[in-house]
Amino acid sequence: MSTLLTLVLILLGVAAGGWVLRFAGQKATGNAPMFRDMPYAVAFGYVLGACLLMFSVWYFFQPTVTEAGVPNAGVVFFRWAVQFFILSAIAAFLFRALGRTVGTRGSKKLFRQMPLTASFGVLVVILYAFTAIFAAWLAPHGQEAIFAKVNVLPGGNAATGGDPLFPLGTDQIGRDLLSRLIYGAQNTVGIAFVTTCLAFFLGGTLGFLAATLQGWLDQVLSRAVDVLMAIPSLIFALLLMTIASAWAGSERWLLTVYMILIIAVIDSTRVFRLARAVGLNIVVMDYIEAAKLRGEGLGYLIFKEILPNATAPLLAEFGLRFCFVFLTIASLSFLGVGIQPPLADWGTMVRDSAQFINFAAFSPLTAALPLLAAGAIALLTVGVNFVVDWMLHRSSGLKE
């Protein structure tokens, strides 16, 4: 009850502070438009943000160890998060500055127009792509390699149960977690990219066909897509993967192929709706009618006329769809029906190391093991969404 009362008093204080901020601003600036037209909700938000900032600064400088000698895991994780945020902002700023001075004339112009969030997103995508492509050279060990030392703690300090050969430790059967984290980029991201490309090829082609031909084909495809979209995608994928597990038998690689096909078909329904909607707006244009009068075939109309004019929304949708496919694959792997061992996968790593969360009160570094794979998933999702937001902003024609 005391915690609830404290929270209510804090909110009342912030509410009063918002009113004081707006009133004092109006008096101090002679009723300037900034304060005169400021809604109360905006003033409340300013005060709340200032309070959260002050609390964050105070919490950041709290001791990482309690008086009883127990690690304060909350403070440790918060410091790591703040430090990562600051380093990410610096890296994004330096990357944007480099792009503005090095490269072609077009790329320099692109970086000059790029906000810091988009710069961070592009940097994340490049780093993940580099890691996925060169995983075999970056990883110190193979993803299938099993060593005699099991459950080695991260940190590399032998006095605390670590090993310099395994900076992030080993799992319950002796596999190097750093190597599997690196190979996870190759498997999870690579398979998600292939699946998204397949979904776009299937959904985009059928969507443009439906928009161009219309008639009974449009009705059949649209109603079939409506049926598939009415079923929750993750539950439907889990059901189909359970059936595919029986078909695959002992061939684990075959289950990965089934997963790619299942997710591609399910996600192609969303691409179909977008491609059809965009295509219907394009097929009524004069240049489409001119192409038809010239006697151009269906393939020319789709790939030479419709597709180039639908590139911007499709590229933005590709980024969003990639994130959904990426998260779906990680979710299925977490549930045990996704990417199968010995392939490394971030979803499986989160599941296998989830029990280390219980050690947060004693060893925050050990408890961070499941957060590494989960953080890799979240970081790529955030980075791609930053890039997609920027692409949507550019394609919409809006200016700052």
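Trainee: What conventions apply to the model?
Mentor: Residues are numbered from 1 along each chain as its sequence is written, and side-chain values use heavy atoms, with hydrogens and water left out. The model is predicted: totals for chains, interfaces and linings use all residues, side-chain atom pairs count only at pLDDT 80 or more, and local features need pLDDT of at least 70.

Trainee: How many helices and strands does the chain have?
Mentor: Helices (H or I, at least four residues) and strands (E, at least two) are DSSP runs, numbered from the N terminus. The C-alpha trace spans about 80 × 75 × 50 Å along its principal axes. By that assignment the chain has 17 helices and zero strands.

Trainee: What percentage of the 400 residues count as buried?
Mentor: Buried means under 20% relative accessible area, exposed over 50%, and partly exposed in between (1.4 Å probe, protein chains only). Of the 400 residues of the chain, the buried share is 36%.

Trainee: Among contacts between residues at least 6 apart in sequence, what percentage join residues at least 24 apart?
Mentor: A contact means heavy atoms within 4.5 Å. Among the contacts in the chain between residues at least 6 apart, the share joining residues at least 24 apart is 64%.

Trainee: How are the axes of H10 and H11 oriented to each other?
Mentor: Axes are lines fitted to C-alpha atoms, for helices over the stretch in contact, and angles run from 0 to 180 degrees between N-to-C directions. Angles under 35 degrees count as roughly parallel, over 145 as roughly antiparallel, 65 to 115 as roughly perpendicular and the rest as oblique. The axes of H10 (residues 233-248) and H11 (residues 252-282) come within 9 Å and cross at roughly 150°. H10 and H11 are therefore roughly antiparallel.

Trainee: How do the residues of the contact of H10 with H11 divide?
Mentor: H10 contributes residues including Phe 236, Leu 240 and Trp 247, and H11 contributes residues including Tyr 258, Ile 262 and Arg 270. Ala, Val, Leu, Ile, Met, Phe, Trp, Tyr, Cys and Pro count as nonpolar, Asp, Glu, Lys and Arg as charged, and the others, Gly among them, as polar. The residues of this contact divide into 13 nonpolar, two polar and one charged.

Trainee: How are H8 and H14 oriented to each other?
Mentor: The axes of H8 and H14 come within 9 Å and cross at roughly 130°. That angle makes H8 oblique to H14.

Trainee: How do the residues of the contact of H8 with H14 divide?
Mentor: On the H8 side the contact includes Cys 197 and Phe 200, and on the H14 side Glu 317 and Arg 321 are among the residues. The contact residues divide into 13 nonpolar, three polar and two charged.

Trainee: Is Glu 317 buried or exposed?
Mentor: Glu 317 is found in H14 (residues 311-334). Leaving aside neighbours within four places in sequence, Glu 317 is in contact with Phe 200 and Leu 274. With a relative accessible area of 13%, Glu 317 is buried.

Trainee: What is the phi of Gln 214?
Mentor: Most residues other than glycine have a negative phi. Gln 214 lies in the loop between H8 and H9 (215-229) and counts as partly exposed at 36% relative accessibility. Although Gln 214 is not a glycine, its phi is positive, at about 55°.
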